[in-house]
2 protein chains.
Amino acid sequence: MIKFILLGFLNYQPMTGYDLKQTIDESTAHFWHAHHSQIYTTLRQMDQEGLVTSVQVPGEGLPDRRIYTITPAGKQALQTWLNQTQTEVSPIKEELLVRLFFSAQRDPQQVLTELRLQCELHREKLAAYRRIAEEMVNHHAQAIPSLQRDKHFWRLTLEMGMRYEEAYIAWLEDSIRKIEVL
Amino acid sequence: MIKFILLGFLNYQPMTGYDLKQTIDESTAHFWHAHHSQIYTTLRQMDQEGLVTSVQVPGEGLPDRRIYTITPAGKQALQTWLNQTQTEVSPIKEELLVRLFFSAQRDPQQVLTELRLQCELHREKLAAYRRIAEEMVNHHAQAIPSLQRDKHFWRLTLEMGMRYEEAYIAWLEDSIRKIEVL
DNA sequence: CGCCACATGTAAAAAGTTACATGATTAG
DNA sequence: CTAATCATGTAACTTTTTACATGTGGCG
């Protein structure tokens, strides 16, 4: 999966592993994150597979940078993957739900503390998403024309993020109320 | 993580790997699934760590069954884990959002087909959750008293499942409409 | 006759996380 | 002076997935 994210971004422009990490962190990380170690090793692999090429650029004073460029084979691999249709729903792994599922024997006050903290964190996430959404509208004018179409899709994923956080917060608030009177 | 799910269920009653797989599939799999291979190997590990004990029961005609029982050390490990407070939001990994993020260069009709299929699948999931919720209400009377408290928490996770599916469906419907007029 | 349920496992690969490691520059 | 940013990587480990493997009994 991370392979296709890297190909997806390299399809816009050549980048280093470091750049890719930054880019991912402020975009797809909201629904698919990766550590820098995984990014660097996956780029190496992709280089060997011929999906990308790389050139080392000596940095003056700073460390050298290795710039990765997508190859025709890489573009092909990306397109092939995108042209498939996902026929299953993406499985969820939510640690908090596991914890709550088995929380009957816990001290309710501790559970409440945990849920209230999560609520706070999710409110922050929602606020962050809303800021990004606003920025998107504000910077609409000075946008690069070639990415206009892409932006619509980025926006859609952002909207899912906001809906998700809204639902999560509403559920947490509801759950907190229910546990309080339990 | 799967370790704690196994401990959580074994804390209710001794079970075999097979039973655990069934139990997980119809409960926590909605937010944390595992293949049988992982369950069996993790149980073996836990046995070595002293978190569970096991006895092999010869099956007449059928294959032998290995019944796992939680130990005091296992109960302790479960409690210790539960008594922690999760201070981060659980990270999300949603393949569909990754695909959509990079879908600008795809044929819009293909994207729509994919989203409509996902919509159908999520509607089925929601319907399934609602059936489970109804069952929970109907079988409320004949419930085991010792699990009354647990049921409240199971119910909460189910409610998150329903909210999640509702949000997902609403978002998909909205996205489909937006892509149609793009 | 073929498939499903029962019941368990091993092996190998892929994916992901955590920790270790370096070393210069720059801002507070 | 201390922390952060830049920029890369390796190693070890854990977790998860996929595939291989076995053998009976019952149902249609």
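This is a predicted model: local features need pLDDT of at least 70, side-chain atom pairs count only at pLDDT 80 or more; totals for chains, interfaces and linings use all residues.
Residue numbers start at 1 along each chain as written, while chains are lettered from A and ligands numbered from 1 in written order. Local features need pLDDT of at least 70, side-chain atom pairs count only at pLDDT 80 or more, totals for chains, interfaces and linings use all residues, and side-chain values use heavy atoms, with hydrogens and water left out.

**View 1. Helices H2 and H3 of chain B cross at roughly 130 degrees.** Here H2(B) spans residues 17–25 and H3(B) spans residues 36–49, with axes that come within 10 Å. (Helices are DSSP runs of H or I, at least four residues, numbered from the N terminus; axes are lines fitted to C-alpha atoms over the stretch in contact, with angles from 0 to 180 degrees between N-to-C directions.) The pair is therefore oblique, the label left over once angles under 35 degrees are called roughly parallel, over 145 roughly antiparallel and 65 to 115 roughly perpendicular. On the H2(B) side, look for B:Gly17, B:Tyr18, B:Leu20, B:Lys21 and B:Ile24; these meet B:His36, B:Ile39, B:Tyr40 and B:Leu43 of H3(B) (contact means heavy atoms within 4.5 Å). That contact has six nonpolar, two polar and one charged residues (Ala, Val, Leu, Ile, Met, Phe, Trp, Tyr, Cys and Pro are nonpolar, Asp, Glu, Lys and Arg charged, the others, Gly among them, polar).

**View 2. In chain A, H1 and H2 cross at roughly 100 degrees.** Their axes come within 11 Å, with H1(A) covering residues 2–10 and H2(A) residues 17–25. That makes the two helices roughly perpendicular. A:Ile2, A:Ile5, A:Leu6, A:Phe9 and A:Leu10 of H1(A) touch A:Leu20, A:Thr23 and A:Ile24 of H2(A). Seven of these contact residues are nonpolar, one is polar and none is charged.

**View 3. The largest pocket has a volume of about 1,200 Å³.** (A pocket is an open set of points on a 1 Å grid where a 1.4 Å probe fits, with protein on both sides within 12 Å along at least five of seven lines; lining residues have an atom within 4 Å of a point. Volume is the space filled by probe spheres set on the points.) Of its 47 lining residues, A:Glu26, A:Ser27, A:His30, A:Phe31 and B:Phe101 are closest to the centre. H7(A) gives the most, nine residues.

**View 4. The second largest pocket has a volume of about 880 Å³.** Closest to its centre, out of 33 lining residues, are A:Phe101, B:Glu26, B:Ser27, B:Met136 and B:Trp154. H7(B) supplies the largest share, eight residues.
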